[in-house]
Amino acid sequence: MTPPSSLKRRHFVQLSTLAAGAALLPGQGPAAEAAKTLPPAPAPPAPAPPAPALPLLPYAFAALEPHIDAKTMEIHHGKHHAAYIAGLAAALAKAPELAAQALEKLLAGLPEVADETLRAPLRNHGGGHWNHSFFWQTLAPAAKSGEPSEELAVAITATFASMDGFKKAFGEAAAKRFGSGWAWLIVQDGKLKITSTPNQDNPLMKGITADADLGTPILGLDVWEHAYYLHYQNRRPDYIAAWWNVINWPEVSKRFGAL
Ligand SMILES: [Fe+2]
């Protein structure tokens with residue numbers, strides 16, 4: 001047999017390589033056949049949800065003066081709120097299945113958390129984080145405080161007879177909250193209602209807050225001493241009176257209009 005020329009030898013090698021490659025096309029060959037019998041690879045683990053973080057204030061510490069002083073705002077935000085976040089993060093680190101939930105959902109389902117050593121910090125620190133995040137958003141410098149929307153003003157007048165009637169009732173709820181807590185304006189079954197909760201509880205906490213006080217907050221006032229004591233000392237009523245000047249009414253109205 002005549003040996004192949006160099007050109008023919010090259011074609012022979014190329015053809016041989018192609019033939020070998022064809023034998024190993026994807027989905028063919030022993031390795032592929034073995035892979036078909038293996039169970040599918042497990043899905044990669046879901047990424048860990050982000051840890052709760054301190055939200056930036058939408059204004060400077062001094063922006064609410066003279067009604068709420070800069071030092072109080074700095075400590076309230078940077079120390080107190082930050083401490084609630086640290087406590088919440090520590091609790092969620094023990095319950096990663098809860099960490100994936102929205103905070104509102106977690107707070108509304110606290111009675112379902114069977115472990116009391118977990119439920120208590122979630123209630124106190126989770127509530128503290130939600131309440132303060134909400135509080136910062138509903139404050140604004142006095143020059144930007146604005147007015148309630150027409151829709152909200154009509155609802156306030158229909159419920160409390162007048163804006164002054166609303167302020168009087170809300171101020172009483174805030175002043176009479178014994179110890180530490182919050183006063184709230186909530187929407188409950190489509191209607192406005194004033195309520196109050198102790199400590200860091202809030203109107204979202206089903207099974208913890210009384211059913212009569214559950215609803216969606218649109219305005220809230222922190223009456224913990226840490227919110228006012230540096231400037232107002234024991235004069236909580238003076239703090240409450242000053243707070244009316246720095247309510248972010250456009251934000252409150254937006255929340256009301258969204259319900
Ligand atoms: Fe506070």
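Figure 1. Helices (H or I, at least four residues) and strands (E, at least two) are DSSP runs, numbered from the N terminus. Along the sequence, the elements follow the pattern α-α-α-α-α-α-α-α-β-β-β-α-α-α. Residue numbers start from 1 along each chain as its sequence is written. Please keep in mind that this is a predicted model: local features need pLDDT of at least 70, side-chain atom pairs count only at pLDDT 80 or more, and totals for chains, interfaces and linings use all residues. Of the 259 residues, 27% are buried; a buried residue has 20 or more other C-beta atoms within 10 Å of its own, with C-beta atoms placed from the backbone.

**Figure 2. Confidence along the chain, with a look at residues 1-25.** The predictor's confidence in each residue is called pLDDT and runs from 0 to 100. Its average over the protein is 89, and 85% of the residues score at least 70. Over residues 1-25, pLDDT stays under 50, and the model has four contacts beyond four places in sequence for this stretch. A contact here means that the C-beta atoms of two residues, placed from the backbone, lie within 7 Å. Where pLDDT is low, the predicted coordinates should not be read in detail.

**Figure 3. Three strands form an open antiparallel sheet in the order S2-S1-S3.** Strands count as paired if DSSP finds at least two bridges between them. Strand S2 (191-198) and S3 are the edge strands, each pairing on one side only. On average, neighbouring strands are turned by 20° against each other, direction ignored. Helix H6 (residues 116-137) packs on this sheet, where H6 touches S1 and S3, and its direction makes about 90° with that of S3. Such angles run from 0 to 180 degrees between N-to-C directions, with axes as lines fitted to C-alpha atoms, for helices over the stretch in contact.

**Figure 4. S1 and S3 side by side, joined by six bridges in the antiparallel sense.** Ala183 has Leu221 of S3 as its bridge partner, and Ile186 stands opposite Pro217 in S3. S3 is mostly covered, with six of its seven residues buried.

**Figure 5. The largest nonpolar core holds 28 residues.** A nonpolar core is a set of buried Ala, Val, Leu, Ile, Met, Phe, Trp, Tyr and Cys residues joined through C-beta atoms within 7 Å. Ala174, Ala183 and Leu221 touch the most other members. Among the elements giving two or more residues to this core are helix H7 (150-160), helix H8 (163-176) and strand S1 (181-188). S1 supplies the largest share, five residues. Leaving out residues up to four places away in sequence, Leu221 touches Ala174, Trp182, Ala183, Ile240 and Trp243. Apart from this core lies another, of 13 residues, including Leu88 and Leu122.

Figure 6. In H10, the buried residues are Tyr239, Ile240 and Trp243. H8, S3 and helix H9 (229-232) are what the buried residues of H10 pack against. In H11, Val252, Ser253, Arg255 and Phe256 are buried. H7, S1 and S3 are included in what covers the buried residues of H11.

Technical notes:
Buried ≥ 20, exposed ≤ 12 C-beta atoms within 10 Å, placed from the backbone.
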